[in-house]
Amino acid sequence: HTSQPQQVFAARHYAEMQRSGIADFATNPLLLPFAAGEDATFDLLFSGKAEEKVEPEVDIVERVCQRLPQVARILANRSRKGKPPFEIVDEYDVQDLLHSAIRAYVKYSVQEDPLPKVAAVKSGRADISIEELGILIEVKFVHGPEDQKRIFEEFSQDLLLYPQWSHLKTLIYLIYNAADLRDPEALQKLSAEHEIGGRRFRVKIVLA
């Protein structure tokens, strides 16, 4: 970066050479500003906006969501102990298991929260909320490949609904049994920073 354009440095250089009686055919005028300019390479490459540091508890909650199928497999195989298995057949089973697992790691209140009606979107409840961490968790259970379209549509509606929650910082979208979708990675690409209604929040798509 220089305070003047390259042509100024070139004109100044050749004027000095002419006064000294020197015919300069060797100097590349394009390189002259480098001697007087400020090198901004490092700043451009490495001093961009720092990523917001995610609280350790938020990272733990996301990891519990990711590992939930491993928990479910253990509870589903209890025949050797003569106990009935804990079977996951719908979203409510996933919610109950997730709620229990999160309570083992998070000291804050874990509950459901009523959410107001937004435009044409029906009012609803987040499956799990942790107010102190600003976390909402929405659980989607996949029954088959045809659920891909349904989850996309519900995600679009939820993006309008959930920012109405005044504490929202992170929305975790847990898609359980995601391997049965036609293209689960397409949903994972929805993880991003969003700003809706003046509220900024992160969306984390978790395939489980």
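**Entry 1: D147 and the ground rules**

For these notes, a helix is a DSSP run of H or I with at least four residues, and helices are numbered from the N terminus. By that rule I place D147 in helix α6. I am working from a predicted model. Is D147 buried or exposed? I looked up its relative accessibility, which is 8%, so D147 counts as buried, the cut-off being under 20%. Leaving out residues up to four places away in sequence, I find D147 touching F141, V142 and L181.

**Entry 2: the whole chain**

I stepped back to get the layout. The protein has seven helices and six strands. Reading from the N terminus, I get the order α-α-α-α-α-β-β-β-α-β-α-β-β. Of the 208 residues, 36% count as buried. I also checked how far apart in sequence the contacting residues are. Among contacts with a separation of 6 or more, 64% are between residues 24 or more positions apart.

**Entry 3: two helices crossing**

I went to helix α4 (residues 56-76) and helix α5 (residues 91-103). Their axes come within 9 Å and cross at roughly 115°. The crossing of α4 past α5 is right-handed. Which residues of α4 and α5 meet? From α4 I noted V61, V64, C65, L68, V71, A72 and L75, and from α5 V94, L97, L98, A101 and I102. Sorted by type, this contact has 12 nonpolar residues, no polar ones and no charged ones.

**Entry 4: strand β4**

Next I took strand β4, residues 170-176. How many of its residues are buried? Seven of the seven are, so β4 is largely enclosed by the rest of the structure.

**Entry 5: who pairs with β4**

On to the pairing. Strand β3 (residues 135-141) runs parallel to β4, and seven bridges join the two. E138 has Y173 of β4 as its bridge partner. To get from β3 to β4, the chain passes through helix α6 (residues 147-161), and I logged this β-α-β crossover as right-handed.

β4 also pairs with strand β6 (residues 199-207), again in parallel, through six bridges. I picked out I172, which stands opposite K204 in β6. Further along, I175 has L207 in β6 as its bridge partner.

**Entry 6: D158, back in α6**

I returned to helix α6 for D158, which lies in it. Its relative accessible area is 8%, so D158 is buried. What does D158 touch, not counting residues up to four places away in sequence? My list reads E138, K140, P163 and Y173.

**Entry 7: the β5-β6 hairpin**

Strand β5 (residues 192-196) pairs with β6 in the antiparallel sense, over five bridges. E195 is partnered with R200 in β6. The two strands form a hairpin with two residues between them. In the turn I checked G197, whose phi is positive at about 60°.

Most residues other than glycine have a negative phi. I read a positive phi of about 65° for N177, although it is not a glycine. Where does N177 sit? Its place is in the loop between β4 and α7 (184-188). With a relative accessibility of 28%, N177 counts as partly exposed.

**Entry 8: E131**

Last stop, the loop between β2 (124-130) and β3, where I found E131. At 38% relative accessibility, E131 is in the partly exposed class. Which residues is E131 in contact with, leaving aside neighbours within four places in sequence? They are S109, W165 and H167. E131 and H167 are 36 residues apart along the chain, while their C-alpha atoms are separated by 6.2 Å.

Technical notes
Residues numbered from 1 in each chain as written. Predicted model: local features only at pLDDT ≥ 70, side-chain atom pairs only at ≥ 80, totals over all residues. Heavy atoms only, no water. Buried < 20%, exposed > 50% of the residue type's maximum accessible area, 1.4 Å probe, protein only. Pairing = 2+ DSSP bridges. Right-handed = clockwise from strand over helix to strand, strands pointing away. Contact = heavy atoms within 4.5 Å. Axes fitted to C-alpha atoms, helices over the stretch in contact; angles between N-to-C directions. Left-handed = near helix turned anticlockwise from the far one by under 90°. Nonpolar A, V, L, I, M, F, W, Y, C, P; charged D, E, K, R; others polar.
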